Amino acid sequence: MAAEIQPKPQTRTPVLLNKIEASQDVVNTAVIIPKEDGVISVSEDRTIRIWLKRDSGQYWPSIYHTMPDSCSCMSFNPETRRLSMGMENGTISVIILLYQASTHQGRVTVVLFVLEMEWVLSTGQDKNFTWHCSESGTQLGLYRTTAWVSGLQFDVETRHAFVGDYSGQVTILKLELDSCSLVTTFKGHTGNVTALCWDPVQRVLFSGSADHSIIMWDIGGGKGTAIELQGHNEKVQGLCYAPHTRQLISCSSDGGIVIWNMDVTRQETPEWLDSDSCQKCEQPFFWNFKQMWDSKKIGLRQHHCRKCGQAVCGKCSAKRSTIPLMGFEFEVRVCDSCHESITDEDRAPTATFHDSKHSIVYMHYEPTMGWLLTSGADKVVKLWDMTPVVS
């Protein structure tokens, strides 16, 4: 009797639902309009477009409006249908309320509307972080940042603003009606912060960077825990969090979409230890002249084991391994003893990897629909059904 052929397990991937290709220039920001099968986009070509799905299945611009300057960023609130836009010339325009405020001396980098406070928060290339009354356009407060801001999030309950900048630093500010105070700063990235994402339930902040990494800052736990996630080969361009499944979605400029399972017990990466010689074989490193002279040995180059943090030579760390619970989804350098201690179960991946097939500039996730929007350098906006992987 012939053996029964078992079907191959199907790999779950995002489903490409549609492509919008009618933009004349790069779409800087776009958002999904929930319950309406629509998309709002703002572009370098100075246009605001509202795309609605036709019977043919294609998206066509039902509203097309040209602004006096390029639209650099946007925030849309579906409850009030308020569209807050940051402009290349430093102004912020709020459509529906129809006011315009000259806020910044240069390009507006991030704009955020906070419905509960009736505030519009914004940052610009002039290194100013401001908040305005969304009803009148009156500036309420200003804070001068040390570097150009590229990421912004806000916690309504505590009135904390999270500000990520080009120095790689994340600053936490406590906002009042007309003033603010510095709470603390986080330093962990070696490249500029490119994206921030705040989970108000778990009280966790995620920051993405040009250094290809993501850091999860456990603010609510009070322990100062910082978990690294290494799964991108290029600059992280966007972060979104699905709280109902505890999954993080990240996109990068090489088109990669990564879905991270955050419902696991993750481990902090260890601090790298300092030593003048290999902490395994005791061979001197090349700057340790005294030990090289005494032992008559040539100094070696220093490396570090990503699992234990010990300073080791190349011979004692010749092997590589993934360490997913430490955030290392790619193989990294580990010392020989740590390599022996890592089991196949330890190597089980905690993330899935997908290719959007375009260089992602911006992303937006709509949790009620389970849709992801990606905007690319190819001037194309893609809509994805993420329910096969975010569930």
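Two strands count as paired if DSSP finds at least two bridges between them. Strands themselves are DSSP runs (E, at least two residues), numbered from the N terminus. By these rules, β14-β15-β16-β17 is the order of an open sheet of four strands with antiparallel pairing. At its edges stand β14 (149–155) and β17 (180–187), each pairing on one side only.

This is a predicted model: local features need pLDDT of at least 70, side-chain atom pairs count only at pLDDT 80 or more, and totals for chains, interfaces and linings use all residues. Residues are numbered from 1 along each chain as its sequence is written, and side-chain values use heavy atoms, leaving out hydrogens and water.

A further open sheet of four antiparallel strands runs β10-β11-β12-β13. Its edge strands, β10 (108–114) and β13 (139–144), have a single partner each, so one side of each lacks a neighbour in the sheet.

| Strand pair | Bridges | Facing residues |
|---|---|---|
| β16 (residues 169–175) and β17, antiparallel | seven bridges | Thr171 and Thr185 |

Then there is the core. A nonpolar core is a set of buried Ala, Val, Leu, Ile, Met, Phe, Trp, Tyr and Cys residues joined through side-chain atoms within 4.5 Å. Buried means under 20% relative accessible area (1.4 Å probe, protein chains only). The largest such core has 16 residues; among those touching the most other members are Phe206, Leu239 and Trp260. Elements giving two or more residues include β18 (193–199), β20 (213–218) and β22 (236–242). β22 gives the most, with three residues.

Note on methods: Buried < 20%, exposed > 50% of the residue type's maximum accessible area, 1.4 Å probe, protein only.
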